[in-house]
Every structure is written in structure tokens, then in C-alpha cells.
Amino acid sequence: MLRPVLDPSPAEWISPRLGGTFGAAGRTVPRGYAAYARLCHPAERDRGGWASWSEAAAETGRRAHGAMQWHALVGSPDPVNLTGSLWRGSPPGRGTLPSHSLTALLAVLGDHTSASEAWFGLWDGYGWADEATLSREHLDAPRLRHPGRDYLLFHGPLTSATELGWRPRPNWFEAQSPNLFWPDDRAWCVATEVDFDSTLVAGEEALVDALVKAPGLEVWRIESDTSLAADGDRINQLP
């Protein structure tokens, strides 16, 4: 079960290891790991179902690669509003992984840590993160502070990552994947930045190899200096 943490000091090892030029993966997940991966959030088709970025690229005549940007894949010069997009469905979600993707990710991560429990960071800017879903004691607790983002901290079994979210109605649970999480042994660290349409993983080589091969996930090996900024796609050039 997910438990609130009132002292953020166990998470303060991360901030000193963040850095790099604007857009670098190492500004979101800590540097110093052997390998890095980018998990691209799936897009929804207009007739239902999910599509990978590679499938979208094939359908729009673009090329899929580790530093690709969705707007460049779908032929739009506008990374925010996607004006003129060739993709008829919905774009990948930003700031959270769909539940089926999170479950598939957790299955791989669990095989690459000796720890039974993990730490979870939730961005404190979500409108639903209030007394309706969290205790006043937790809301008043010190935050884990990273450049530009503050997080509420939780601790619990790795599988409790699926417990974050809120209930707009009693019979409707809206899941939110953790914005930041890592196991007690720090074997890896995962970050889903609020404004990103992909999730970043830092860990050992074997973990990244397993993620790249994992069914149901679209994962690309990247470097800590790989730029994921809007202009970081140097292959799918726009007019």
C-alpha cells in the first residue's frame, strides 16, 4: 500500500545529479547510470486502439528514432497545438503513462532491483492533489524540490505505483503514473516529466536491453545528453 512520506530527505540524492543543456534527458533523470531509455507514450487512433510512434511514423512517411518529436512525426510545425497534423487520432498523453503501459513497465523494472519497496514522487501542481485525495498533514509537509518542479513523496511496494490518481466520481478512478520513482536500492530511476509525452528510465545496461525488447512498450536507447526538446528531432525535418 502506498504510504505518504513527510520527510523528503531520502530523495535528495537526485537533484545534485540532474543537469545538462536544455532538453537533455539528464535534466529529468539523474546522471551517473550506465544506460538510459526513452519510453514513448502510445497515441490513440481515431477509431480506437493504441498506436506506437513507429507505426505513426510509417503512416506519415517519417522515420522513428530515439530523439524523435511527435509534432515532427506528424508533419506539424507546432509542437503544442499540432496544427496541420497528418495524424487523425489523439496525440500521446503528456505527463502520465496509460495504465497498461505502466503495468508493463513495472513488470520489467521489478526484475532489475533487489529491493521490495520504492519511492514515488507526485508533482504537487495537479488540481486534484488536495484534501479530497491527500491528508492535510501530507499537503503541509516539506516538498522534494527539483528545478522547476516540487513533488509530494510516497513509499510502498513497487506495484503501488498504480495507486496514484483520483476519483472524479465514486465509481471512476483516473490513474496518474508517478512523475518520479526509484527502488530502495536505487538500481534505476524513472521520470515522467509533466510536459513530456515520453517517460525516461536510467539504470543498468541489462535493464535497458530488457525494456527495448519488452512487448507492449516502445522503448529507445538514448544517452543522458540526448535532447528531447521540441527542436531535438534532427531527422524528421519540417518545411
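In what follows, Ala, Val, Leu, Ile, Met, Phe, Trp, Tyr, Cys and Pro count as nonpolar, Asp, Glu, Lys and Arg count as charged, and the others, Gly among them, count as polar. The structure discussed is a predicted model.

Q: By class, how many nonpolar, polar and charged residues does the lining of the second largest pocket have?
A: The second largest pocket holds about 200 Å³ of space. Of the 13 residues that line this pocket, Leu2, Thr133, Leu134, Phe154 and Leu164 are the closest to its centre. Sorted by class, the lining of the second largest pocket has eight nonpolar, four polar and one charged residues.

Q: How do the residues of the lining of the largest pocket divide into nonpolar, polar and charged?
A: About 790 Å³ of space lies in the largest pocket. Its lining is made up of 34 residues, and Phe22, Thr28, Glu193, Asp195 and Phe196 lie nearest its centre. Helix H2 (70–73) and strand S7 (149–157) are the elements that give two or more residues to the lining of this pocket. By class, the lining of the largest pocket divides into 17 nonpolar, ten polar and seven charged.

Q: Which element gives the most to the lining of the largest cavity?
A: The structure holds one cavity of 30 Å³ or more, and about 40 Å³ of space lies in the largest cavity. Among the residues that line this cavity are Val5, Pro8, His138, Arg143 and Tyr151. By class, this lining has eight nonpolar, one polar and one charged residues. With three residues, the element that gives the most to the lining of the largest cavity is S7.

Q: What is the radius of gyration of the chain?
A: The chain contains five helices and 13 strands. The globule rule gives 18 Å for 239 residues, and the chain comes close to this, so it is as compact as a globular protein of that length. The radius of gyration of the chain is 18 Å.

Q: What share of the contacts in the chain with a separation of 6 or more do residues 24 or more positions apart account for?
A: Taken along the principal axes, the C-alpha atoms of the chain fill a box of roughly 50 × 45 × 30 Å. Of the 239 residues of the chain, 52% count as buried. Among contacts with a separation of 6 or more, the share that joins residues 24 or more positions apart is 71%.

Q: Within what arc do the buried residues of H3 fall, seen down its axis?
A: Helix H3 spans residues 99–109, and its buried residues are Ser101, Leu102, Leu105, Leu106, Val108 and Leu109. These buried residues line one face of the helix, because, seen down the axis of H3, they fall within an arc of 160°.

Q: Which helix is included in what covers the buried residues of H3?
A: The cover of the buried residues of H3 includes strand S2 (35–40), strand S10 (180–183), strand S11 (189–191) and strand S12 (198–203). Also included in this cover is helix H5 (205–213).

Q: Is Leu211 buried or exposed?
A: Leu211 lies in helix H5. Not counting residues up to four places away in sequence, Leu211 touches Ala37, Leu105, Val108, Val201, Leu217 and Val219. Buried means under 20% relative accessible area. Because its relative accessible area is 1%, Leu211 is buried.

Q: What distance separates the C-alpha atoms of Leu211 and Arg143?
A: Leu211 and Arg143 are 68 residues apart along the chain. The C-alpha atoms of Leu211 and Arg143 are separated by 31 Å.

Q: How far apart in space are Thr192 and Gly95, C-alpha to C-alpha?
A: Thr192 lies in the loop between S11 and S12, and at 1% relative accessibility Thr192 counts as buried. Leaving aside neighbours within four places in sequence, the residues in contact with Thr192 include His41, Gly95, Thr96 and Thr199. Thr192 and Gly95 are 97 residues apart in sequence, and their C-alpha to C-alpha distance is 5.7 Å.

Q: Which residue follows H1?
A: In helix H1 (residues 53–60), Trp53, Ala56, Ala57 and Thr60 are buried. They cover an arc of only 100° around the axis, so they are on the same side of H1. What covers the buried residues of H1 includes S2, strand S4 (50–51) and H2. With a positive phi, near 75°, the residue that follows H1 is Gly61.

Notes:
Residues numbered from 1 in each chain as written. Predicted model: local features only at pLDDT ≥ 70, side-chain atom pairs only at ≥ 80, totals over all residues. Heavy atoms only, no water. Buried < 20%, exposed > 50% of the residue type's maximum accessible area, 1.4 Å probe, protein only. Helix = DSSP H or I, 4+ residues; strand = E, 2+ residues; numbered from the N terminus. Arc of directions from axis to C-beta. Contact = heavy atoms within 4.5 Å. 1 Å grid on protein atoms, 1.4 Å probe; cavity = no way out; pocket = protein on both sides within 12 Å on 5 of 7 lines; lining within 4 Å. Points joined across faces, edges and corners; volume = space filled by probe spheres on them. Rg over C-alpha atoms; globule rule 2.2 N^0.38 Å.
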